[in-house]
Amino acid sequence: MSTRVDVRKTYKLYIGGKFPRSESGRSYEVTAAPTGRRSTPRFLANAAQGSRKDARDAVVAARKAQPGWAGATAYNRGQVLYRVAEVMEGRRAQLVQDVRDAEGLTAARAEGVVSAAIDRWVWYAGWSDKYPQVLGGLNPVAGPYFDISAPEPTGVVAVLAPQASSLLGLVSVVAPVVVSGNTCVVVASQDRPLPAIDLAECLATSDVPGGVVNVVTGRTAEIAPWLASHRDVNAIDLTGAADADGVDWADLEIAAADNLKRVLRPGGTGAEAVEPDFAPVPDLSRLSAFLETKTVWHPKGR
Amino acid sequence: MTGPRQRPYTRRVSTATDVDVTARARDLLGVSRLTNSALTGWLHGLPGVDQVGCEARAAGLSTRSIKTSSKAWAIDLAISMIDLTTLEGADTPGKVRGLATRALVPDPTAPDTPSPAAVCVYGDMVGIAKETLGDSGVKVAAVATAFPSGRASRAVKLADTRDAVAAGADEIDMVIDRGAFLAGDYLSVFREIAETKEACGDARLKVIMETGELVTYDNVRRASWLSMLAGGDFVKTSTGKISPAATLPVTLTMLEAVRDWHDLTGEQVGVKPAGGIRTSKDAIRYLVTVHEIAGEAWLDNHWFRFGASSLLNDLVLQRQRMATGAYSGADYVADDAPSAY
């Protein structure tokens, strides 16, 4: 009788469309969320423990990809993001299993979360050619001018992904950033990074250009300060700073002020920062947080 | 590595300029008349380069980790070794002035940043670069001898050189006639270098091998020895117009050649890799190689240069990173390729 050798997946980073190991060579143990009866945590996998240099490489990749992604037509970006939802649907079983393990949910709840995450991509994909009409437009001015405001992407956005909601939360913070033409460096949930790597695999196989979304797994407290102070990062989403070990989001905001980054604070106030509930259908606030407004004055002739 | 197998040479000489290179070459080769066959015998008598060993050595030297204060020192040294280069058909006086200004003030936010060694331009732009640089100490290097192909008559090449020197060039970057070299006409290459050196007057002569066209490391070694024999002050890898341009193994081969030449004649010759060196990490790898192969005497911008343009920005970014503790970005350095309009 032949016994088959297990083929286990190596969970790596996702940088510039490739899946490299951490340059530091480190990895860390990821365990399943406790589900009650077990006393010892169940081992899931070794994930790459990204370093500041991985984050730096990811910023370089994101910067390189940004003009091309922002230059694609809104229609095209919408199509590409819809494709992500299609690919996720095809990998549903894997996503459900990883969300179950990560968040300790029942099968039915995990199915629901994955469905919501896929629907969230579709929801944001649909906005790609519509938000400029909602957030921009013709301004009435007291003079013979057309005065037009148009939203434009901010550039490279660092995203601290939510610590608890490992897939739905992740999609809910990444999709609004990239739909407008930003590129991003995502620091995945520290203790629940595997769904983020699953998502990276979906992105890698769905026409999203390499470098548009980069995923670094590891210790949030180690990586986040370098992204917050990085001068080639134009904005930072601090959602995942809530409930992260050893992270004070106010420090990150101070570091981010050095190059006038746009900062999206975590939910709640002050030290009471909490992770928002990602289940309800969102509004445009996350999308509009990472936009700049370009206003053009044009003489009105006869 | 050893020198040529011919008769040992004992006379010590200071610089190539004070000696008749042909007489010295005869002396070195141990012949009464410098012929192509004598040169061929001598150059082909050089030991062959072990390709695998050379590449492994270069790869090994690339893995050295240079940190903190050593890195800061290396970054400043590398900046001071740059020949800040623009060699485009579309070079405008404005672009050359911009580049020269950049050489004077590489980073306006950090006035203590050292200046690059030289600005490298086409011969007709020397005057414009000189106007801006004045007596700042930043030199003007001009490419000459029908750069980059080197396909012109000897008279035209020499006129090209004299023209650049007359315009005030401190250094001349010449290209060798690769066609003649590959055809085995070493004497013609020798004469051309020697005559160009004469046309240079006080200007230092860098001899570009265009190693991407020479194909083998053996050829790189032979071309380096031939250039030094003919009186070149620098051996330079590439024009930057051909790929592959400078690589670490090629530079390593050249560094071995200048080291052995120094052992043989007592005369020091510089090395300049050019083209394709874009990051601080690359530059530091080269510096490690210089130190390990040629020695500390070459860790000076009189003896080692980088032919580069975008390298300066990356070094400045690294410098800012070390000064501020935060990663810097392209918004904080001068635009590498400003629009011509």
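This is a predicted model: local features need pLDDT of at least 70, side-chain atom pairs count only at pLDDT 80 or more; totals for chains, interfaces and linings use all residues.
User: Which residues have the most contacts inside the largest nonpolar core?
Analyst: Inside the largest nonpolar core, which has 100 residues, the ones with the most contacts are B:Ala78, B:Val119, B:Ala129, B:Ala142, B:Ile172 and B:Val235. Helix H12 of chain B, residues 248–265, gives this core its largest share, eight residues. Another core lies apart from it, with 90 residues, including A:Ile15, A:Ala58, A:Trp127 and A:Val174.

User: Nice. What does B:Val235 touch?
Analyst: Leaving out residues up to four places away in sequence, B:Val235 touches B:Val207, B:Met209, B:Ser224, B:Ser227, B:Met228, B:Met254, B:Ala257, B:Val258, B:Val269 and B:Val271.

User: What about confidence: what pLDDT does chain B average?
Analyst: Chain B averages 92, and 93% of its residues score at least 70. Residues 1–18 of chain B have a pLDDT below 50, and that stretch has 31 contacts in the model beyond near neighbours in sequence. For the model, the ipTM is 0.87 and the pTM is 0.89.

User: How many residues of chain B are in contact with chain A?
Analyst: Seven residues of chain B are in contact with seven residues of chain A. On the chain B side, four of the touching residues are nonpolar, two are polar and one is charged.

User: Switching to chain A, what domain does UniProt place there?
Analyst: An unreviewed UniProt entry places "domain: Aldehyde dehydrogenase" at residues 40–243 of chain A. In the model, that stretch is 52% helix and 17% strand, with its end C-alpha atoms 22 Å apart.

User: And helix H7 of chain A, why is it largely enclosed by the rest of the structure?
Analyst: Helix H7 of chain A covers residues 194–204, and nine of its 11 residues are buried, so the rest of the structure largely encloses it. The buried ones in H7 are A:Leu194, A:Pro195, A:Ala196, A:Ile197, A:Asp198, A:Leu199, A:Ala200, A:Cys202 and A:Leu203.

User: Where is A:Val281 in the chain?
Analyst: A:Val281 sits in the loop between strand S9 (262–264) and helix H10 (285–288) of chain A. A:Val281 and A:Leu138 are 143 residues apart along the chain, and their C-alpha atoms are separated by 28 Å.

Key. Residues are numbered from 1 along each chain as its sequence is written. Chains are lettered from A and ligands numbered from 1 in the order in which they are written. pLDDT is the predictor's confidence in each residue, from 0 to 100. Two residues are in contact if their C-beta atoms, placed from the backbone, lie within 7 Å. UniProt positions are given in the numbering used here, feature names are shortened, and annotations may be inferred rather than shown by experiment. Helices (H or I, at least four residues) and strands (E, at least two) are DSSP runs, numbered from the N terminus. Ala, Val, Leu, Ile, Met, Phe, Trp, Tyr, Cys and Pro count as nonpolar, Asp, Glu, Lys and Arg as charged, and the others, Gly among them, as polar. A residue is buried if 20 or more other C-beta atoms lie within 10 Å of its own, exposed if 12 or fewer, and partly exposed in between; C-beta atoms are placed from the backbone. A nonpolar core is a set of buried Ala, Val, Leu, Ile, Met, Phe, Trp, Tyr and Cys residues joined through C-beta atoms within 7 Å.
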